[in-house]
Amino acid sequence: MNYRHQVLPAFELAGLLRRHFPGIRVVAGGGMLTSWKKALSELDLRFSCFDHIVFGPGEEALASMAAGDSDPSDYFLDQTRAIAFVPDFGTLRLQDYLCPLPVLPLSTSRGCYWSNCRFCPEATAPTHSYTSHAPNAVPDLLLRLAQKHEVTHFHLTDNAIPLPVLQALAERRKDMAALAWHGFVRFEAALTDAGLVSRLAEAGCKMLQLGLESGSARVLQQLGKGTRLDHVSQILKNLHQSGIASYVYVMLGSPGETEADAEQTLAFLEKHAAQISYLNLAIMNLPRDSEWLVEPGQSDIRSSALLGEEKPLGLYRSFEPAGNWGRREARLFLKQRLLGSGPIREIVNRTPPYFTSNHAFLLGRDAFKS
Ligand code: SF4
């Protein structure tokens, strides 16, 4: 279970497995359960439909269970070592998926090599160490999977595709030309090199997802993004010129943000609207373990409480800002000022309800363009 919406179906599935195959061991794991590690362990919360719950990356724990090496009396199993592995899609009937064409997921890395953004659970509560495939092995890995499963499209599911992997893909552009792929990258200084970006396009890169978050350098600094707005400008230009779609994520309402910062975000987006293919506009959620809370007196947060009825399984906290600009004001700004802007509205209209980056990848850069 990696996302909240998978929790109920997973329990239902576990119940079905229990009823139909009473003898088998049912094991649960994934990012969602790992986020609940502290609460489940402290409360010793056990679910009768599962024999074990694995926290962290589950491959080694599963392999050791299959080999009979683990103690079957342990309910909670903890695995902190991540491995870069090659997935086996051999048992899947790819043609049965509700998708215009099969898209295979592949993580070239686990965790995040940056791990510094103060709003991100990968930084505030990492569940395992960072690891990645050898960059030069990734092009061959994709080519092998493409040939074996007769697919051309890939979703690189990394939190942020490491720069050496991007460089390796660009190097092998002649071999990669028949493939199409997309994924998250950071606004790395290296991508200000128009040559590298155009080589990525030749290597099959159709869309990159990028977390801009804010058009205010001050807020970027506070967030720990480690990115520069002049780099962002150049990278968006490079992507546009090379025909790679950009899916840009923006986040308002972080602690310490002011109305002036939000205005800078608006101005930045308007200035670069012609180079942004898709936009995701959001209000920041504060992770429950955020370090913003451990700076009493000098925090941008006056008070905070766990969100939702599901405490202690809540993943986020509500907060009251120390100043007079908080989530409420940010939400109003998003609705009235950002969505009230013609150029921004035009981009947002390309992402109708239920439309996600996965659809954008298949439709390309100019979907819904008037
Ligand atoms: S780069 Fe992305 S995944 Fe990594 S810490 Fe920042 S927001 Fe999280």
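Helix α1 and strand β1 (27–29) each supply at least two residues of the lining of the second largest pocket. Helices (H or I, at least four residues) and strands (E, at least two) are DSSP runs, numbered from the N terminus. The model is predicted: local features need pLDDT of at least 70, side-chain atom pairs count only at pLDDT 80 or more, and totals for chains, interfaces and linings use all residues. Residues are numbered from 1 along each chain as its sequence is written, and side-chain values use heavy atoms, without hydrogens and water.

With four residues, α1 gives the most to this lining. F50 is one of the lining residues, as are M1 and R25. A pocket is an open set of points on a 1 Å grid over the protein atoms alone, where a 1.4 Å probe fits, with protein on both sides within 12 Å along at least five of seven lines; lining residues have an atom within 4 Å of a point.

The structure holds 10 aromatic pairs. Rings of Phe, Tyr and Trp (its six-membered ring) pair if their centres lie within 6.5 Å; planes under 30 degrees apart count as stacked, over 60 as edge-to-face and the rest as tilted. F11 and F50 pair edge-to-face, at 5.1 Å centre to centre and 75° between the planes. This pair links distant parts of the chain, 39 residues apart: F11 lies in α1 (residues 7–20), F50 in the loop between α3 (37–43) and β2 (52–55). F50 is buried (under 20% relative accessible area), at 6%. F47 and F50 are also edge-to-face, with centres 6.4 Å apart and planes at 85°.

Note on methods. Buried means under 20% relative accessible area, exposed over 50%, partly exposed in between (1.4 Å probe, protein chains only).
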